[in-house]
Amino acid sequence: MWRMADDFWDDWQQVLHMFKYAKAWEGQGGPGHWPDCDMLQIGKLSKRGPVGPERYSRFTEDELYTHMTFWCIYRSPLMMGGNMPENRPIDLKLLSNNEVLQVNQHGQNPKQLYIKDGDSMVWYAAIPGSKDMYVALFNLSETANTVKVDLAALGLKGRVTVRDLWKKQNVGSYPQDYQQTINRHGAALLRLSPR
């Protein structure tokens, strides 16, 4: 693996910069060689220094979901930067969702579908041996926002079943597009299954 950027910390502007670095390295990862977005800034990040007083990640809950969602869809190596014995329930939830971790471990050839006006972004990855796709929706704006994905732009035809991987539940089937209202700086991670 190789680092794409300097040290990554729990600051929203650094997340936005990481998206740009990842786009520049799009298509370069694969078995035996992975672009690395750096450590996961989840949990207790400072125990006895070296970076300031004892503290947990400064990311909001929605930003934590965006952080983990992007590292998984992009297939960045997942390295925990926090003190695991002091994980909070949200930290455990982010690090132990088996359906989300499958995206990181088994997604293939992640690509950006679009970024729109700096407000929303969609990435997707193939699933080997399947017509299904992993799709990540990101709200980059400062307010709640509806993020939309055109199913035809992903090469999907007919009705498509959408599964929310963070919630571990199917949310319905859709013929042309799927859209979801997402909190400020938040994300959704989906599995799309054509019928």
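Colleague: Which residues have the most contacts inside the largest nonpolar core?

Modeller: In soluble globular proteins, nonpolar side chains tend to be buried together. This is a predicted model, and the largest nonpolar core in it has 36 residues. Those with the most contacts inside this core are Phe70, Ile73, Leu94, Trp123, Phe138 and Leu189.

Colleague: Which elements give two or more residues to this core?

Modeller: They are helix 1 (12–24), helix 2, helix 3 (89–96), helix 4 (98–106), strand 6, strand 7 and strand 12. Helix 2 gives the most, with eight residues.

Colleague: Which residues does Ile73 touch, leaving aside those up to four places away in sequence?

Modeller: Ile73 touches Val103, Pro110, Trp123, Tyr124, Ala125, Tyr134, Val135, Ala136, Phe138 and Leu189. There is also a second, separate core of 17 residues, which includes Val122, Val149, Leu154 and Leu192.

Colleague: In what order do the strands of the open sheet lie, and which strands stand at its edges?

Modeller: Strands of a sheet pair through backbone hydrogen bonds, either parallel or antiparallel. Here, six strands form an open sheet in the order 5-6-7-12-9-10, and their pairing is antiparallel. Strand 5 and strand 10 (169–174) stand at the edges; each has a single partner strand, so one side of each is left without a neighbour in the sheet. Ignoring direction, neighbouring strands of this sheet are turned against each other by 25° on average.

Colleague: How many bridges join the paired strands, for instance strand 7 and strand 12?

Modeller: Strand 7 and strand 12 run antiparallel and are joined by six bridges; within this pairing, Phe138 stands opposite Ala187 in strand 12. On the other pairing of strand 12, five bridges link it in the antiparallel sense to strand 9 (residues 160–164), and Val160 has Pro194 as its bridge partner in strand 12. Strand 5 and strand 6 are also antiparallel, over six bridges, with Met121 in strand 6 as the bridge partner of Ile115.

Colleague: Is strand 12 largely enclosed or largely open?

Modeller: Six of the eight residues of strand 12 are buried, so this strand is largely enclosed by the rest of the structure.

Colleague: Which strands does helix 2 touch where it packs on the sheet?

Modeller: Helix 2 (residues 61–74) touches strand 5, strand 6, strand 7 (133–139) and strand 12 (187–194). The direction of helix 2 makes about 145° with that of strand 7.

Colleague: At what angle do helix 2 and helix 4 cross, and which residues meet?

Modeller: Their axes come within 6 Å and cross at roughly 40°. That makes helix 2 oblique to helix 4. From helix 2, Met68, Trp71, Cys72 and Ile73 meet Val100, Leu101, Val103 and Asn104 of helix 4. The residues of this contact divide into seven nonpolar, one polar and no charged.

Colleague: Which residues other than glycine have a positive phi, and where are they found?

Modeller: Most residues other than glycine have a negative phi. Among the cases with a positive value here are Asp38, with phi near 90°, and Asp117, with phi of about 50°. Asp38 lies in the loop between strand 2 (35–36) and strand 3 (44–46), whereas Asp117 is in the loop between strand 5 (108–116) and strand 6 (120–126).

Colleague: Is Asp38 buried or exposed, and what of Asp117?

Modeller: Asp38 has a relative accessible area of 6% and is therefore buried. Asp117, at 66% relative accessibility, counts as exposed.

Key:
Residues are numbered from 1 along each chain as its sequence is written. This is a predicted model: local features need pLDDT of at least 70, side-chain atom pairs count only at pLDDT 80 or more; totals for chains, interfaces and linings use all residues. Side-chain values use heavy atoms; hydrogens and water are left out. Helices (H or I, at least four residues) and strands (E, at least two) are DSSP runs, numbered from the N terminus. Buried means under 20% relative accessible area, exposed over 50%, partly exposed in between (1.4 Å probe, protein chains only). Two strands pair if DSSP finds at least two bridges between them. Axes are lines fitted to C-alpha atoms, for helices over the stretch in contact, and angles run from 0 to 180 degrees between N-to-C directions. Contact means heavy atoms within 4.5 Å. A nonpolar core is a set of buried Ala, Val, Leu, Ile, Met, Phe, Trp, Tyr and Cys residues joined through side-chain atoms within 4.5 Å. Angles under 35 degrees count as roughly parallel, over 145 as roughly antiparallel, 65 to 115 as roughly perpendicular and the rest as oblique. Ala, Val, Leu, Ile, Met, Phe, Trp, Tyr, Cys and Pro count as nonpolar, Asp, Glu, Lys and Arg as charged, and the others, Gly among them, as polar.
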